[in-house]
Amino acid sequence: MAKKNLSIAYRILHIFTYHPWLKLISLILAVIVWLYVKEEMFIAQ
Amino acid sequence: MNSTAIFIHWKAIVEILILWFVLYQVMLFFEGTRAIQVVRGIALILVAFFFFQKFGLERLDWLFRNFFATSVIALLIIFHPEIRQGLARLGQRNLFVSAMDEEELDQMLKEICKAADSLSGYKIGALIALEMHDPLSGYVESGVLIDSKVSSELIQAIFTPNNPLHDGGMIIQRGRIASAGALFPLVQRLDIDRIFGTRHRAALGLSEETDAVVITVSEERQDISLIYQGKLYANLNHENLFLKAKEIIQAGK
């Protein structure tokens with residue numbers, strides 16, 4: 001049980017420590033792409 | 001806020017999260033290869049393009065719109081080997097790594113680290129690739145098939161000079177030594193330090209084309225290195241090698 005908990009904690013920590021910049025840049029890009037598509041769809045309507 | 005507005009916001013968050021996941025996977029996929037510079041460039045152009053539109057800079061917007069459309073064709077031509085490799089890798093995922101439990105993984109890594117340590121002490125070079133998700137079957141076939149349990153003694157015996165299999169790489173698949181004397185692709189990058197010989201270049205080449213964890217032992221410098229996704233972790237000792245390899249393999253599950 002303890003081994004499983006450690007593994008989950010490790011995985012959660014890993015989300016923040018593994019390529020944090022790549023995650024941040026991709027999030028910014030995702031928001032920009034979404035806003036752009038939203039605007040384009042609005043213009044098309 | 002009525003229920004329709006909440007539903008729309010909920011959908012927007014889901015859409016952004018899916019977009020984020022896809023973009024992150026694309027960037028992660030190209031990380032460590034020379035194509036990551038292109039991905040970064042495209043990201044920068046997209047950000048600039050968005051701001052030009054937002055602030056109504058019509059001429060710059062027009063310029064970027066036309067420039068971007070034509071540059072995509074040029075990028076496809078220049079980076080066609082990377083794109084081809086990438087598309088080939090997309091359909092070749094396997095999940096064997098998760099089939100090994102932590103105890104088996106520890107045992108396998110201990111044997112490899114022990115062998116690397118001994119080989120380094122005797123000034124004997126070695127090249128060992130551990131298959132992760134991308135299948136190494138094509139490279140396995142270029143060597144001599146072994147299919148044996150991973151043991152420190154066997155690894156040392158294979159890399160001992162004058163052994164017919166000592167030249168080339170060893171591939172470990174599904175926790176077993178699949179083959180030895182295998183040929184790995186050499187890295188194409190020119191920014192590699194000249195102190196690294198063919199063994200390290202082969203290790204870097206394989207790590208750029210696949211997600212394999214590659215361990216090298218230098219016969220001249222007695223240096224143990226771990227190479228993963230084009231990144232080289234040099235001067236590792238027995239313990240550091242174990243921890244680094246375990247961290248990467250567990251993270252990749």
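Two exercises on a predicted model follow, each with a worked solution.

Residues are numbered from 1 along each chain as its sequence is written, while chains are lettered from A in the order in which they are written. In this predicted model, local features need pLDDT of at least 70, side-chain atom pairs count only at pLDDT 80 or more, and totals for chains, interfaces and linings use all residues.

**Exercise 1.** Describe the side of chain B that touches chain A.

*Solution.* Begin with the count: the contact (C-beta atoms, placed from the backbone, within 7 Å) takes 14 residues from chain B and 15 residues from chain A. Next, assign elements, where helices (H or I, at least four residues) and strands (E, at least two) are DSSP runs numbered from the N terminus. Helix H1 (3-30) and helix H2 (35-54) of chain B each give two or more residues, and H1(B) supplies the largest share, 8 residues.

**Exercise 2.** Determine the strand order of the open sheet in chain B and identify its edges.

*Solution.* Pairing requires at least two DSSP bridges between two strands. The 7 strands then run S2-S4-S3-S1-S5-S6-S7 (chain B), with mixed pairing. Strand S2 (144-149) and strand S7 (231-233) of chain B each have a single partner strand, so one side of each lacks a neighbour in the sheet.

Technical notes
Contact = placed C-beta atoms within 7 Å.
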